[in-house]
Amino acid sequence: RGDPGWGNERLLLRSRVKPLSVRAGKLVVLTVATEETGGFRRFMRSARHFNYTVKVLGQGEEWKGGDYMSAPGGGQKVRLLKSALEEVTEKNKVVLFIDSYDVIFASGPKELLKKFQQTGHKVVFSAETLIWPDRHLEDKHPHVREGKRFLGSGGFIGYAPNLKELVANWTGKDGESDQLFFTKIYINPEKRKAINITLDNKCRMFQNLHGSLDEVVLKFEDGRVRARNILYDTLPVLVHGNGPTKINYLGNYIPNTWNFEKGCTVCSEDLHPLSGLKVMVHIGIFIQQPTPFVSVFFERLLNLKYPKNRLKLFIYNKVRLRKADHGTEYQAVKLIGPDDGIHGTESRNLAFDECRQDSDCGYFFSIDIDVVLKNEDTLKILIELNRPFVAPMMTKPGKLWTNFWGALSPDGYYARSEDYVDIVIKHGCLNLTHYTFSCSLRGLWNVPYVSHIYLIKASVLRDKLSASDLFFSGNLDPDMAFCRSVRNQGIFMYVTNLHTFGRVLSTENYQTNHLHNDLWQIFENPVEWEERYIHQNYSRIDKENLIETPCPDVYWFPIFTDTACTHLVEEMENFGQWSGGGNTDTRIQGGYENVPTIDIHMNQISFEKEWQKFLLDYVAPVTEKMFPGYYTRFDLAFVVRYKPDEQPSLRPHHDASTFTINIALNQVGIDYQGGGCRFLRYNCSIQAQRKGWALMHPGRLTHYHEGLPTTSGVRYISVSFVDP
């Protein structure tokens, strides 16, 4: 798994034969962290991996150094550094001063010190592609033959006496700019020479990512992962996700968070196995637009393997639903409906407040109504991961869409990380360094954006995410604004694909002008449609030879669920425009029906395209097996109603088809008595038709047949005439 590019860096390290005069024990690492964030914990983990000893400054202090994004800041760091340097008395001590919240170590102190000594300078700052915060100073920066020209204050290394001289004249306030302070020293030729300052122009020690993301790729070798700068062919010791560019993606690998040999090395850390009394979870359910399969959503929610008396539901419903049975097993259910005048973003804050104010609430589980939650262990899995904020990865069938972003663009919008496709597909191959490996990217990924479904610790909502404006931020969409609020509080958002959890529905073209609108979703949400409407034994037809032959050349097989049959019947009755059963029929070509039935055609309810799709996807594979060489294309499809006092039977006849598909839509003995079909030539009758099963038989010539009388109740069948 080598890379010829790495050899250049190694040769450079070996080319200077001058022995080291600074041992690793002479290195002092200083950083500032006023609170313990996810980024700080990541930094310290990488430091421990390489045996760095880090002294943390400012712990317990209130941060007054600004947020860097709206205005320059960081003066508090200079004050703390100046104070800490007073305690360093040995002249040959080398001090590394580095940010922590967005920094990771990629190599150890030995390499760092060697590269520092090879510069021949006493102080080395990280280098930037972009100048900040004062562009007017650009012309005053020394020109370089190759490499980055501008100073970055997020990381520098130097001998203690020189660093003391560097900060000796600092008298600024905590909110003033450290970057501007150090820049003015650097661009002053006399001061630069006196202190002996240079920049790490080619990123041999420090890699700043702002404005340079395209220069950096991951480098895998022998269970170790590094960042490689492909522009300068260097291997930085530290990686800094400064500015709006954060380090999430690289930090998911460097230095050994994930590698090819072991996969995810941190997924089993800090786990919290569930045992005994389960913690109370508030589940926020948000219905903000018409969405298919709502009833299925609540069925799946009820199937979650978690004690229902430890679950409280908060349901925000912006639309008027015909059916949304949430069940009665939960400890509590709070409903906010379309008449309550609550805005969508306000509803999410209200849901958070319900959890914040409930002393028993341990977690808040947010789910949008378009989430298809297939894994019944989802809640248990997420809680046991024991992360402040974690989401299960959700996909859309046949698409690369997921509920997370792998990276952000410089302006804070979507960007695709280099590993995104491999994480989504899960059984892809990673090609981060232009080398192909067989792999499976399963893990726990730190990402900058998630949506649709996530779990948050209640303690986080009560502390760092207690603000009421979490979902508001300028022109950003509410979900983007929320994720930015989370990031700004130093909270890591994780997404896990260690298990398969489910998917997200497509809602763009969902129409609500029918009784059972989900019937029309075979194009938009085919997987969900199949699970809802196709018989559970359909997939076993080929494997277990479930096709029966009750009469010669008549084939009988399962096709529809009970729900599909019921929905189709109710849809037709809701439409209500049944034919009169006479020979005159303006709906068909020629206007005359020789063998009339009381029926409604599929095109009358605008269902013909969906029905054709159903026949092609589910009936055609059977017809091609039973009647090889015939293509399934229906000429006419309709639902027939038989009633004793209306039309109880149908006289002997041939169908106007090459073959016919007849599906029983209700159950004999329960919904009606009598009925069935008799093939006269063979004197063979099928009277105990099964709900949801299809009869397929030739229409012309050989299979002269009749509909047997329905003696009570109402019998429904769907009929499709197929002519290749």
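Helices (H or I, at least four residues) and strands (E, at least two) are DSSP runs, numbered from the N terminus. The model is predicted: local features require pLDDT of at least 70, side-chain atom pairs count only at pLDDT 80 or more, and totals for chains, interfaces and linings use all residues. Residues are numbered from 1 along each chain as its sequence is written, and side-chain values use heavy atoms, with hydrogens and water left out.

**Exercise 1.** Determine the place of Leu85 and the residues in contact with Leu85.

*Solution.* Step one: Leu85 belongs to helix α3, residues 75-85. Step two: the relative accessible area of Leu85 is 1%; Leu85 is therefore buried, a term for values under 20%, where exposed means over 50% and partly exposed in between (1.4 Å probe, protein chains only). Step three: contact means heavy atoms within 4.5 Å. Neighbours within four places in sequence aside, Leu85 is in contact with Val95, Leu163, Lys164 and Val167.

**Exercise 2.** Is Asn162 buried or exposed?

*Solution.* Step one: Asn162 is located in helix α5, residues 160-167. Step two: Asn162 counts as buried because its relative accessibility is 13%. Step three: apart from neighbours within four places in sequence, Asn162 is in contact with Lys122, Val123 and Ile195.
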